[in-house]
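Please keep the sequence and the 3D view at hand while reading.

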Amino acid sequence: LMNANATVYKNKYEMTLDKIVIFFAVIASIALTIMMLITAFDVILRIFSKSIIGSFEVVEFLMGIVVPLSLAYCEKKREHVCVDLIVQYFPKKSRPWFDLITSIITMLFFWLVAYECFIYIFGVYEDQLTSSVLLWPVWPFTIPCTIGFILTSLLLINHCIRVAKSIKRGDYG
């Protein structure tokens, strides 16, 4: 939503955050590839009346890595689903305010989810929960959720700061 012609200057914080997000996006990409390969091989093996034991569990665990870490990358690129269909009918001067308010609400929601995920890590660890087939411990697979939501929240904070500065300068949109 920011002006495409405006030059975006990144400070050290933003450049570091971008590198961290890209690092975790690569991890999510690798997890997605593994997920796809396991699913494909499992389907192929079912033709021969065999299957990969625990493939469903592994795919579930990998999904817990892919989704939250991809969410941060999606926010970094600002490629998420947006309410542009509604916002386009707003007056131009109110659009940045709408963007700012919705970004703040979303950020607060993600902080709440990150907090709950963080608490969940310790609860699962203390309960020594394991998967039902492979008996893998569950707690390591809850960590990417926390990381993903924290990263997304940090990106939203950065977006809110940028929008607020552009409103102050009057160069939004």
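At 30% relative accessibility, Arg-78 counts as partly exposed; the class lies between buried (under 20% relative accessible area) and exposed (over 50%), with a 1.4 Å probe and protein chains only. Arg-78 sits in the loop between H2 and helix H3 (84-87). Its phi is near 55°, a positive value in a residue other than glycine.

The model is predicted: local features need pLDDT of at least 70 and side-chain atom pairs count only at pLDDT 80 or more, while totals for chains, interfaces and linings use all residues. Residues are numbered from 1 along each chain as its sequence is written, and side-chain values use heavy atoms, with hydrogens and water left out.

Ser-49 also has a positive phi, near 60°, in a residue other than glycine. Ser-49 belongs to the loop between helix H1 (12-47) and helix H2 (55-77). Ser-49 is exposed, with a relative accessible area of 70%.

| Residue | Phi | Relative accessible area |
|---|---|---|
| Ser-49 | near 60° | 70% |
| Arg-78 | near 55° | 30% |

**Overall fold**

The protein has five helices and zero strands, where helices (H or I, at least four residues) and strands (E, at least two) are DSSP runs numbered from the N terminus. The radius of gyration is 20 Å, well over the 16 Å that the globule rule gives for 173 residues, so the protein is more spread out than a compact globule. That radius is taken over C-alpha atoms, and the rule is 2.2 Å times the number of residues to the power 0.38. Along the principal axes, the C-alpha atoms fill a box of roughly 65 × 40 × 30 Å.

Of the contacts with a separation of 6 or more, 78% are accounted for by residues 24 or more positions apart; a contact means heavy atoms within 4.5 Å.

**Burial and surface**

Buried residues make up 32% of the 173 residues. The accessible surface comes to about 11600 Å², and 71% of that belongs to carbon and sulfur atoms. Accessible areas come from the Shrake-Rupley method with a 1.4 Å probe; for residues, only the protein chains shown count as cover.

**Cysteines**

How many disulfides does a search of the whole structure find? The search finds zero disulfides, a disulfide being a pair of cysteine sulfur atoms within 2.5 Å. The closest cysteine sulfur to that of Cys-145 is in Cys-117, 4.9 Å away and too far for a bond. Cys-160 is buried, with a relative accessible area of 10%.
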